[in-house]
Amino acid sequence: MVRKTTSLVLALAAGSAITMSAAPAASAATAQDLVRLNEANFAKGACSTNSYGEVGFYSSCTGAGGHPEAWCADYAKWLWAKTGAQVDGLTASAGSFYVYGQNKGTLHTDLGYVPKVGDAVVFDYAGGSWAQHVGVVVQVYADRTIQITNGNYGDNASTSTVSYSKGYGQVGRSVFGQTISAFVSPVGLDQTAPAPATPPRVLAVQNGVLYAQQGGPQADWTPVTENVKAYKASGDRIGVLNQNNQLLVKEGDLQAGWSKIADDVVDFDLDDDTIGVLQPGNVLRTKTGGLDAQWHTTNGVTAFDLDTNRVGVTTTDGAFKVQEGGLDASWESLTENVSSFDLDGGRIGVLRGTTLYVKHGGLKERWYDTPGVSRFSVSGNRVLAEYNGKLVIQEDGPQSNWKPVADAPIGDFEVSGDRIGLLQNGNLYVKTGAYDGPWYPTTNISGFDLS
C-alpha cells in the first residue's frame, strides 16, 4: 500500500516559499470561485503575500498592536468579499459571523440544516459577538461530512496558516475539539450546489481482495479488485498497482471501469486530481487534471508524497525538497539525508532517528521536535505517532500534549482528517471524530488506506 510514514534527518536549510499566482477576480459570485480562491491561498500565513499581491487578509498581519492577530475571521471575511459576498457588519471577531447571520436572516442553528459550500462555520459561540473560531465550508460530501478551510490554524497567530479540517457537518458536532454552533450563509454568493462529492473512503484487503467502504464506518464493504501490490484512495479516485507494475485508476462510483495510467511503476500516489508515479531510474512523473493530462518529469527522485498544491521528494543526492504552487514550480530544499516523510494539509513531518520533527504552514516555518517516536502520520492539525509502543495523538499545535489512542500491539496506522485507522492483530479499527471516540472493527484485514 502507498503509505509515507516518516524518517528524516534535519539540516534546517529551509528554502523560501513559493508565491502562488494571483487568482483572477470572479466574473460571477459563486461558491466555486471561493473554492478556487482558497486553493490559491492554501498554507499562507497572517503576513504572507496573498494571491492578489496584498499583505495578509484585512488586519491579519497588524491587528494586534502592529503584530499578527487571531485572524480566522479576517480570512473568512476576505474569502467572502473577494468572491462578491456582502461583508458589512463583519469584523476580526469570529462571533461577528453569528451576528451577521442573525441580522441577514442566514443563520442556521437547526440540526437538520445541511451546509453548503461557502457557508461560514462558527464554533463555540458564547454570545456578545464572541466565538472561539470561524471557518468556511469548501466541500460537502454525500455523507454530510464537510471540509472546512481555516485561517489562523496553528499554535499562534504569527506562525499559523490557512489549513483544512474535516468533520460531520451538523450543529452540535465537534471538529478537532471545537463544537459547531451555527452555519452562516453569505448574502450575494451563488451557492448552487454541484453534484454531491464522493464521501471519504476506506480501502482494505481481506483474503487478497481489495474492498472499499464509503459512507461511514458501519457502511457495507464493496469488492473493488484483487491481487494488487499497492492501492490508494483520494476523492472520487482509486488507484491500484497490479502484479505487472501497471497503475490502474478508476474515478467516480465504485462500479466505474479502470483506466491504465502508466507502466513500469515502482510507487504511486493520488491526491484529489493529482497523480504521481515513480518509475525505474529514479524518475518521478506527476500530472494534474484529467486521467489523460500531460506528465511533468523530475529526475533523481527516490521517494515522493503529494499534498494539495505540494509535492515532497527525496533525491539521489540525499536532499529532501518540496515543490509548492504547481507542478512546474521550482523545488525548495528543506533538509537532507531523509529516509521517509509525510505531507498533509499544510503540515510536513519528518523522523530523524527516534526524533519526530514537524512544521506547519509555510516552508520556512520552524521545526518542532518530539523524541522517542518510531513511526507517525500527519493530517491537518493532527499528528498520530507510535511512542514507546503506544499510539498517541497531538491535535492542538506542535507544542501541545500527546494523548493516548491505543496500546500495543500497534500495526499499520493512519490519520486522515477526522478519521483514525489502526491495524491490530489482523483487525482494522476506524474511528471518526474525537480521538477518544469509539472504534469500529473489521476482522481479518491485512492492510488498509484512508482517503
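## Helices, strands and aromatic pairs in a predicted chain

The buried residues of helix H1 are covered by a set of elements that includes H2, S4, strand S5 (145-153) and strand S6 (161-168). The model is a predicted one, and its protein chain has three helices and 35 strands. With a radius of gyration of 21 Å, close to the 22 Å that the globule rule gives for 451 residues, the protein chain is as compact as a globular protein of that length.

**The chain as a whole**

- Taken along the principal axes, the box filled by the C-alpha atoms of the protein chain is roughly 60 × 45 × 45 Å.
- Among the contacts in the protein chain with a separation of 6 or more, 50% are between residues 24 or more positions apart.
- The side chains of the protein chain include 32 positive and 45 negative ones, and the centres of these two sets lie 1 Å apart.

**Helices H1 and H2**

- Helix H1, which spans residues 31-40, is mostly covered, with seven of its ten residues buried; these are Ala31, Asp33, Leu34, Val35, Leu37, Asn38 and Ala40.
- Helix H2, one of the elements that cover the buried residues of H1, is itself mostly covered, since nine of its eleven residues are buried.
- The buried residues of H2 are Cys72, Ala73, Asp74, Tyr75, Ala76, Lys77, Trp78, Leu79 and Trp80, so that Asp74 and Lys77 both count as buried under the cut-off of 20% relative accessible area.
- Just after H2, Gly84 takes a positive phi of about 95 degrees.

**Helix H3 and its cover**

- In helix H3 (residues 96-104), the buried residues are Ser96, Phe97, Tyr98, Tyr100 and Gly101.
- The elements that cover these buried residues of H3 include helix H2 (72-82), together with strand S2 (107-108), strand S3 (120-127), strand S4 (130-140) and strand S8 (178-184).
- Just after H3, a positive phi of about 75 degrees is taken by Gly105.

**Aromatic pairs**

- The count of aromatic pairs comes to 13.
- One of them is the stacked pair of Tyr98 and Tyr125, with 3.8 Å centre to centre and 5 degrees between the planes; because Tyr98 lies in helix H3 and Tyr125 in strand S3, this pair ties together parts that are 27 residues apart in sequence.
- Tyr98 has a relative accessibility of 14% and therefore counts as buried, the cut-off being under 20%.
- Tyr113 and Phe183 form a tilted aromatic pair, with 6.0 Å centre to centre and 45 degrees between the planes; Tyr113 lies in the loop between S2 and S3 and Phe183 in strand S8, so the pair ties together parts that are 70 residues apart in sequence.

Terms used:
Residues numbered from 1 in each chain as written. Predicted model: local features only at pLDDT ≥ 70, side-chain atom pairs only at ≥ 80, totals over all residues. Heavy atoms only, no water. Buried < 20%, exposed > 50% of the residue type's maximum accessible area, 1.4 Å probe, protein only. Helix = DSSP H or I, 4+ residues; strand = E, 2+ residues; numbered from the N terminus. Contact = heavy atoms within 4.5 Å. Rg over C-alpha atoms; globule rule 2.2 N^0.38 Å. Lys, Arg positive; Asp, Glu negative; His and termini not counted. Charge placed at Lys NZ, Arg CZ, Asp CG, Glu CD. Phe/Tyr/Trp six-rings, centres within 6.5 Å; stacked < 30°, edge-to-face > 60°.
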